[in-house]
Amino acid sequence: SGGPKPTPPDAVASFDKGRTPSSISGTITDSHGNPIIGAVISSSVLGSTTSAPDGKWSFYNVTTTGSVTLSAAYPNYVFSPLSATVTISNGNQIVSFVGTAMVDLSVFASISPNPVSSGLGIVDTIVVSNAGPASATDAILSLSIPASFTLNSVSTTRGNCDTSVQPATCNLGSLAAQAYATVAVNATAGNAGSYAPGECVS
């Protein structure tokens, strides 16, 4: 409420005279209305800016005149409109973009044995899959290892893993639609008990 309103599909921008002179702003969300954080909104004239945690973005104190064309970009998303052209004049031009995810990444993980015994080895098997419809680029898996565990090794059927950082990560590279990668984590349990995997992929 109170924020920029989405641009109608057949329009490129609206004009609000009550805003800061010569500025362009808007929101960028996914198809469910959730803000997309860190999307890049760019123009060959104005340069680029990124969306904030609430999905809002802006170009303030615009000094150029005439028309500019804006486009939005974020990995594995396509946006509507593909681009928006606005004519700069005193006031704020409002342009909103809606992104549709072109990949559907999911993670399934299991720890064996579970419950675990202190001092014994465990294997965390993780399968990352892409339900599509498009290929995922630069899929990154972040591993979740309990602080009391000792990480011994990590292997993957795709890409490579880096255990020198915390949390350890695996760059799985590109995953085509319906493709998957399997990551095996070998560790030594510290505290005994039952553990739920907590890996995530982006």
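**View 1. Strands β14 and β17 pair in the antiparallel sense over six bridges.** In this predicted model, local features need pLDDT of at least 70 and side-chain atom pairs count only at pLDDT 80 or more, while totals for chains, interfaces and linings use all residues. Residues are numbered from 1 along each chain as its sequence is written, and side-chain values use heavy atoms, with hydrogens and water left out. Strand β17 covers residues 180-188, and within β17 the bridge partner of Thr156 is Val183. Strands are DSSP runs of E with at least two residues, numbered from the N terminus, and two of them pair if DSSP finds at least two bridges between them.

**View 2. An open sheet of four strands has the order β11-β12-β17-β14, with antiparallel pairing.** Because β11 (105-112) and β14 (150-156) stand at the edges with a single partner strand each, one side of each is left without a neighbour in the sheet.

**View 3. Strand β6 (residues 66-73) is joined by three bridges to strand β3 (residues 40-43), and the two run antiparallel.** Here Ile41 has Ala72 in β6 as its bridge partner. Strand β6 is also joined to strand β8 (residues 84-88), antiparallel again, by five bridges, and the partner of Val68 in β8 is Val86.

**View 4. The largest pocket has a volume of about 230 Å³.** Its lining includes Tyr74, Pro75, Asp104, Leu105 and Ser202. A pocket is an open set of points on a 1 Å grid over the protein atoms alone, where a 1.4 Å probe fits, with protein on both sides within 12 Å along at least five of seven lines, and lining residues have an atom within 4 Å of a point; the volume is the space filled by probe spheres set on the points, which are joined across faces, edges and corners.
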